[in-house]
Amino acid sequence: MKKHIILTAVIAAVLGIQPGFAAPVQAEGSAAASAGASKSVVTEAAKKQHAEAVYKTTLSLLKSSSTLHQGISYLNSNIYSVTPYQAALMTLRLENLQKSLLQSWESKFSSNEIQRKLTSIYKEGSSMAKLAESTEDAALSSLLKSAGESGYKLENAEGTFFPIIDYSTYRRYKMYVTDDIRDYITIMAIESELPSSKDNGLVISWTDVVARALSQEEFTLSYPKSNRIAAVKSLYSMYVGDTFYGQNNTPLFHYDNLEMDLEAQKAYSSILVKHNGSSQFLQKLDGLMKLLKENGYKLDEGVQQYLKTEVPLT
């Protein structure tokens, strides 16, 4: 009886029944059903309120560099409790802050002294935390640790060390965010884990170049209104250029004899056999390969005109 009185009071509070007014008399089964429904309302309302609190707290923490580390920790611990839309915005707020702070972090690593010290401890693929543990220099260790906690990893190109956003850490958010941001994270994590080029040359296979371009093209078609559509379009444009032209140190057509790179020829031919969909990117690649097959896979005037018309360099 006592439990029933307490439960009735809770329900009254939820439904806004004022003290002194009797609730309608219900049958026992009806009362139980009403209690269950009210409990569900309380639970959903509490969840929504908690999600909103987490969302606002995360956005607040991810406003400045001083709370970036704390914001990342809070996001990692609480992202499960918000809606996919809120999770997406929280994740993008983190990326925006990391991007805005990147130049500052680059300057911290740019001094000759830091560069010299990094040369002696750097190991490709090592995290900032691992590198911090590998040096006895307290200042350098602190710098590396702080950069790692802020979501950056160390990259090396042309003998220079610099931080980049470690998108591999974003993978933990994929199950919580909206579909477009989930796929965006996949695209960016691949770029972070294995950049496509270094020293003006490709460091991934021609097959991987095409695979990444296809993934980016699919994103632009699937999510034309995504918050990150511009970023992916920019990346896609770069990979289109790599596919049809190569890079300075890995040109699609060799400088001496103007012949198409043999590995690229094999890769593109194999891909076109396996894929026969409606991709505009592959249609243009197919058109190029048919033209090249006719002239012995050489860069002649006809091929140059085709490239200029179909995939002009911007």
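Buried means under 20% relative accessible area, exposed over 50%, and partly exposed in between, with a 1.4 Å probe and protein chains only. The model is predicted: local features need pLDDT of at least 70, side-chain atom pairs count only at pLDDT 80 or more, and totals for chains, interfaces and linings use all residues. Residues are numbered from 1 along each chain as its sequence is written, and side-chain values use heavy atoms, without hydrogens and water.

**View 1. The whole chain.** The chain has 13 helices and 6 strands. These are DSSP runs, numbered from the N terminus: helices are H or I with at least four residues, strands are E with at least two. Of the 314 residues, 40% are buried. A contact means heavy atoms within 4.5 Å. Among contacts with a separation of 6 or more, 62% join residues 24 or more positions apart.

**View 2. The largest nonpolar core.** A nonpolar core is a set of buried Ala, Val, Leu, Ile, Met, Phe, Trp, Tyr and Cys residues joined through side-chain atoms within 4.5 Å. The largest one has 81 residues. Phe109, Leu118, Leu144, Tyr173, Met260, Tyr268 and Phe281 touch the most other members. Helix H4 (residues 84–109) gives this core its largest share, 10 residues.

**View 3. A tilted ring pair, Tyr122 and Phe161.** Rings of Phe, Tyr and Trp (its six-membered ring) pair if their centres lie within 6.5 Å; planes under 30 degrees apart count as stacked, over 60 as edge-to-face and the rest as tilted. The structure holds 8 aromatic pairs. In one of them, the ring centres of Tyr122 and Phe161 are 4.9 Å apart and the planes meet at 55°, so the pair is tilted. Tyr122 sits in the loop between helix H5 (112–121) and helix H6 (128–133), and Phe161 in strand S2 (residues 160–165), so the pair ties together parts 39 residues apart in sequence.

**View 4. The tyrosine cluster.** Tyr170 and Tyr173 pair edge-to-face, 5.7 Å centre to centre and 75° between the planes. Ring pairs link Tyr167, Tyr170 and Tyr173 into a cluster. Tyr170 is buried at 2% relative accessible area. Tyr173 also counts as buried, at 2%. Beyond its neighbours within four places in sequence, Tyr173 contacts Ile72, Leu75, Asn76, Ile79, Thr91, Leu94 and Ile185.

**View 5. Ser192 in helix H8.** Helix H8 (residues 179–193) contains Ser192. This serine is buried, with a relative accessible area of 3%. Its C-alpha atom is 7.2 Å from that of Ile165, 27 residues away along the chain. Neighbours within four places in sequence aside, Ser192 contacts Lys153, Ile164, Ile165, Asp166, Tyr167 and Ser168.

View 6. Helix H13 (residues 301–310) has Val303, Tyr306 and Leu307 as its buried residues. They cover an arc of only 95° around the axis, which puts them on the same side of H13. The arc is that of the directions from the helix axis to the C-beta atoms. On the other side of H13, Glu301, Lys308 and Thr309 are exposed. Helix H10 (229–245) and helix H12 (280–294) are included in what covers the buried residues of H13. At the start of H13, a side-chain oxygen of Asp300 comes within 3.1 Å of the backbone nitrogen of Gly302.

Conventions:
A polar contact is a pair of N or O atoms within 3.5 Å; within protein, one must be able to donate a hydrogen and the other to accept it, and residues adjacent in sequence count only if both atoms are side-chain atoms.
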